[in-house]
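This report goes through one structure by topic.

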Amino acid sequence: MKEYPKYPPQDAPHSDVEEIKRRSMYLRGSLLETLADPITGSIPEDDNRLMKHHGSYMQDDRDLRNERHKQKLEPAYQFMLRVRAAGGVVTPEQWLMMDEVAHKYANGTIRLTTRQSFQLHGVLKWDLKNTIRAVNDALLSTLAACGDVNRNVMCNPNPFQSEIHAEVYHWASKVSDHLDPRTRAYHELWLDGEKIIDSRDNEEQEPIYGPVYLPRKFKIGIAVPPSNDVDVFSQDLGFIAIVEEGQLKGFNISVGGGMGMSHGDSKTYPQVSKVIGFCTPEQLIDVAEKTVTIQRDYGDRAVRKHARFKYTIDDRGLDWFVQELTARLGWSLETARPFHFEDNGDRYGWVKGSNGKWHFNLFVQNGRVKDEDSYLLMTGLKEIAKIHTGDFRLTPNQNIIISNVSPNKKKNIENLIRQYGLTDGQHYSALRRSSMACVSFPTCGLAMAESERYLPTLLDKIDPMLKEVGLEEESIVIRMTGCPNGCARPMLAEIAFIGKGPGKYNMYLGGGHTGNRLNKLYKENIGESEILGSLKPMLAQYASDRFTNEHFGDFVIRAGHIRETFDGQDFHAQG
Amino acid sequence: MELQVTNSPFNQEQVELLNRLLPTLVDSQRIWLGGYLAAIQYAGIGTNQNAVLSSTVAGDTAPAASAIPVSQSSTQSKSVTVVFGSQTGNSDALGKKVAKKLEAQGFEVTVSSMGSYKTGNLKKVENLLIVVSTQGEGEPPDNAIPFYEFLFSKRAPQLPNLRYSVLGLGDTSYEFFCQTGKDFDKRLEELGGHRIADRVDCDVDFDEAAGEWIEKVLLALGQGQADLLSEVKAIDSGALASESEFSRTNPFQAEVLQNLNLNGRGSQRETRHVELSLEGSNLHYQPGDSLGIYPENHPRLVDELIEALGWNAQELVPVSKSGDQQLLRNALLRHFEITVLTKPLLAQITELTGSPSLAILQSAGHEQELRDYLADRDLLDLVVDHSLIGVTAQQLVPLLRKIPARLYSIASSLQSNPDEVHITVRTVRYDLQGRDRYGVCSVQLAERLESGESIPVYIQHNPNFKLPEDPNTPIIMIGPGTGVAPFRAFIGEREETGAQGKSWLFYGDQHFSTDFLYQTEWQHWLKEGALTRMDVAFSRDRDQKVYVQHRMLEKAKELYQWLQEGAALYVCGDEKKMAHDVHAALVTILEQEGNLSPEAAADYLTQLQQQKRYQRDVY
């Protein structure tokens, strides 16, 4: 039997997930049967692994687990469905579709993700097909929103430089399309595509991925300086737009970033990517494809925890990678060009773009779009979508921009913003405006502690401390996740909390304000009182002792509260 | 206690033999032996042992054979045939009881259910006793339908030599009270029969009235052999030695082991799963049997009633004919029915109060109005609507019916849950005329019965809803909602006994997520193979409402194939809609898959019923 000749560097037996993918016939598995099984709202774990590649995975309402067990009911199984749009750009029609399916099939809310995607939670197995079809009919997709493939390509939504954005967005979409899986399984399962015996061989079916896809997820993001809102250094493959004299010249290329790690396993660590050179826009797709194929061929398929691209590069060295890339490209990268980032946050409120159109950056706490008694955010956005002729842009900070509003429409949109009290966050502290939290409980199966449901409460308690020392308008990047997989990119935040157990967090300090430096563990396994007790004196000291324009993440290092992390490989080093 | 010559009727040799044997017996053997000895006494010393043994061992379950010859005695030539038509088992038990008593008096008795009685023999019968209950809108029980239809058909023979009497069971809160009994009584007369004792129509609390009927027929048949009755009683109590001392008339106080709501959050439903302990009761049951529960009325309703009538809760009122007295509030809580109105009660109250509005309600031309009123009003409505102020407790309370027991299909297998009985009860709550209404028993279970507390129960055997004797026979079970309860017992039993027959369950309710009763247990049984397949219909998860009969029709081909392989069909749950729709679906399936005419399909199902391969427990 032919033994995967494309993956020679690995001698160790492949992990079970690799086997599942290999046997799946290009992501089909037994999904057709298990999705139809009427006795359970779940699907078997093997199929769930494949399901991720279709943009969804099974979760259950963990709040109800014990209660339902006693009631002789299976867990409240439900599916998270991730809908991707390259660069987070969607039309008003697409927004209205999302609003509709969220109410009809999901839990009535939309979650904006840190990768400019939509998430629907609480979709039942029986409703998946209708939901995915609705998404597809609106020209969006869930394919490859999760799984061991290239994920949603992130792109700065910067409304200042409208022409540049349009151009960068164009390339982001091209890269995204180019790296889409080609399997027909998606059409067969969800869109009633005819099931045909595919006579194409592996090369034809998945010319880039092959039958086993990538060893792990792969993330690409494109930043447009001075904004690093996409956290370009957290990406497996990052591109930094180089704009000279108002012209897009090309992109610096950075490789080997990634957030995820496991508690207690220092062989796993977050990493920031390294800039290796420059390419022109026309070379972008080639660079992306070849980088992906290098990871496909050299990534670790034996140990999943060690399978991300960052380990492939760290294990073999950056020089090796550049050499391999050059060999596959058949040409050499140019030297990287200078660039400068100012921050990784959003610019809230109304701004006028260079094309004369207006943009309103809305603050969405933790990316959760929903209606509450006193804040009808979801309805407000729906009403805006009904009259809006521009587009919506999901930001990498889980916010939303009502974008490309023509001057004569601005009044109408403004009226709706006022009517529904939609906020740009100006009455919140700058800390809250720079905050992010992952979903965590009750739906995320990985969660160890609360995140989205808890961070606002914690901020309520930090805000008075800031006010006391006059830091309400000081932007400090603060992020929280329920587990160390890094969905809200906490390892790049100036202050971060990573869930350890119920009510307990590891606290990290010292990330770079522009997303350029990893933070470091400050205190382990602490609860709220110790968090607040630690922060209070530090914030007071920062207020009084900081240098001009010195960011909190830099200050805590200078003040000796935490050691600087220079590279992912010394992330765990203490003292 | 060791047996000795001095403390027993045995001689030395017998005593020694017994003393050697008795200590070696395990419980089940002792129970068996007790029943055996009691039974051979009935059977006239050891004749036809096999028949007696099998029926004793099987508890109260009637063997599947067509008729049970209770006696082979030759001392009397007088023969009596007892046929019963039973839905829940009461007529069955009463029919067998009267047979035993006749047998004890030396009659040659043939006792049979209507479902298995050979109608061709009717012409030869001299003495016929009929015990039959009435269902819903005045219909006969399922398994009595062929017998009923035969008697009312042109094929029915003239019966000029027949002596007969009818005992009807029913419920006065239904419009067509004891209608089937009345029909039989009238029809036998039309066919030339001679009524030897007047028909007795029993209300839900039937013991006393049924006892009187039995005495009357015994007298009529035995032509004055009343002196034998004392002997009958002696034998009766002897026979009970092997059984539990607890019964419908002497319920067991069962402790609640667990009481939980099976419906998940967000459900429109509440369904209690109640586990009760039978420890120390010596009560036994089989899958398909029911549990009787004596509930208490809702304290709020009792208090409202007392207040509306201006009564004194502490006043003593009679609670039985023998003159026992209790405080009014207790009596209304535990002894009397106050949630259901009956025609006789209305008549008596009208007489008592002279209420003109009540008199009008019962007068000619107001039949529909009366029907509607009786259908959903309770005693408090009656008091308020007809201003019955001034009636005393002493006057009104004696007119009330005893609170009847509620029957629930048992949801557990005794084999897999020794000393326990489980039930599945949907809580009934609704609003009527601006007042919250409660299902008496279901709301008591839901609100006022916690673990550790006790409730009076008894076992109601139901021979008409039993697993096939052959463990290899495939079974098809249709039980939406709480109708699934007995099938939990069926599958639990089949798992425990390692039965190899295939099984197929159709289940349905409103929502998959919250209303899938016992979901994880079915999943387990499907995985382990005790349950072969399962189809579900959740009516409110889709725009289109889907019910179990739709799933049956979708699977018509396989379902027909199972029937052709000899599968037994079971239907449990709502009678009015579900059981009717399921029956119609079965007819359609037979027409479609078996190429049968509508008549032939109906015949097919009738035959299944007669072969006990189509059994229903509907309510």
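## Salt bridges

The count over all chains comes to 80 salt bridges. A salt bridge here is a side-chain nitrogen of Lys or Arg within 4 Å of a carboxyl oxygen of Asp or Glu. This is a predicted model: local features need pLDDT of at least 70, side-chain atom pairs count only at pLDDT 80 or more, and totals for chains, interfaces and linings use all residues. Residues are numbered from 1 along each chain as its sequence is written, chains are lettered from A and ligands numbered from 1 in the order in which they are written, and side-chain values use heavy atoms, with hydrogens and water left out.

One pair in chain B is B:R429 with B:E447; their closest N and O atoms are 3.0 Å apart. This bridge links distant parts of the chain. B:R429 sits in strand β15 (residues 429-432) and B:E447 in helix α16 (residues 440-447), 18 residues apart. Helices (H or I, at least four residues) and strands (E, at least two) are DSSP runs, numbered from the N terminus. B:R429 has a relative accessible area of 40% and is partly exposed. B:E447 is also partly exposed, at 37%. Buried means under 20% relative accessible area, exposed over 50%, and partly exposed in between (1.4 Å probe, protein chains only).

## Two partners for B:R533

B:R533 forms a salt bridge with B:D535, at 3.8 Å from N to O. B:R533 is partly exposed, with a relative accessible area of 23%. B:D535 is buried, at 7%.

B:R533 also meets B:E558 in a salt bridge, at 3.7 Å from N to O. B:E558 lies in helix α21 (residues 556-564) of chain B and B:R533 in strand β20 (residues 533-538) of chain B, so this pair ties together parts 25 residues apart in sequence. B:E558 is partly exposed, with a relative accessible area of 31%. In chain A, salt bridges that share partners join A:E18, A:K21, A:D148, A:R301 and A:R304 into one network.

## An open sheet in chain A

Strands of a sheet pair through backbone hydrogen bonds, either parallel or antiparallel. Two strands count as paired if DSSP finds at least two bridges between them. In chain A, 5 strands form an open sheet in the order β3-β16-β17-β12-β11, with antiparallel pairing. Its edge strands are β3 (89-90) and β11 (349-352), each pairing on one side only.

Chain A strands β11 and β12 (residues 358-362) pair antiparallel over 4 bridges. A:G349 has A:N361 in β12(A) as its bridge partner.

How many residues of strand β9 (residues 247-255) of chain A are buried? The count is 7 of the 9, so β9(A) is largely enclosed by the rest of the structure.

Strand β8 (residues 237-244) of chain A runs antiparallel to β9(A), joined by 8 bridges. The bridge partner of A:E244 is A:Q247 in β9(A). β8(A) and β9(A) form a hairpin with 2 residues between them. In the turn, A:E245 has a positive phi of about 50°. β9(A) also pairs with strand β10 (residues 274-279) of chain A, antiparallel over 5 bridges. There A:F251 stands opposite A:C279 in β10(A).

## Domains of chain B

Domain bounds come from an automatic or database domain assignment. For chain B it gives domain 1 (13-229), domain 2 (252-295 + 405-460), domain 3 (299-398) and domain 4 (475-618). The C-alpha centres of domain 3 and domain 4 of chain B lie 42 Å apart.

## Cavities

A search of the whole structure finds 6 cavities of 30 Å³ or more. On a 1 Å grid over the protein atoms alone, a cavity is a set of points where a 1.4 Å probe fits but cannot get out; lining residues have an atom within 4 Å of a point. Grid points are joined across faces, edges and corners, and a volume is the space filled by probe spheres set on the points. The largest cavity holds about 150 Å³.

The largest cavity is lined by 15 residues. Nearest its centre lie B:N143, B:N464, B:Q609, B:Y614 and B:Q615. In chain B, α23 (598-610) and β22 (614-618) are the elements that give two or more residues to this lining. β22(B) supplies the largest share, 3 residues. Domain 1 and domain 4 of chain B each give at least three residues to the lining.

Note on methods:
1 Å grid on protein atoms, 1.4 Å probe; cavity = no way out; pocket = protein on both sides within 12 Å on 5 of 7 lines; lining within 4 Å.
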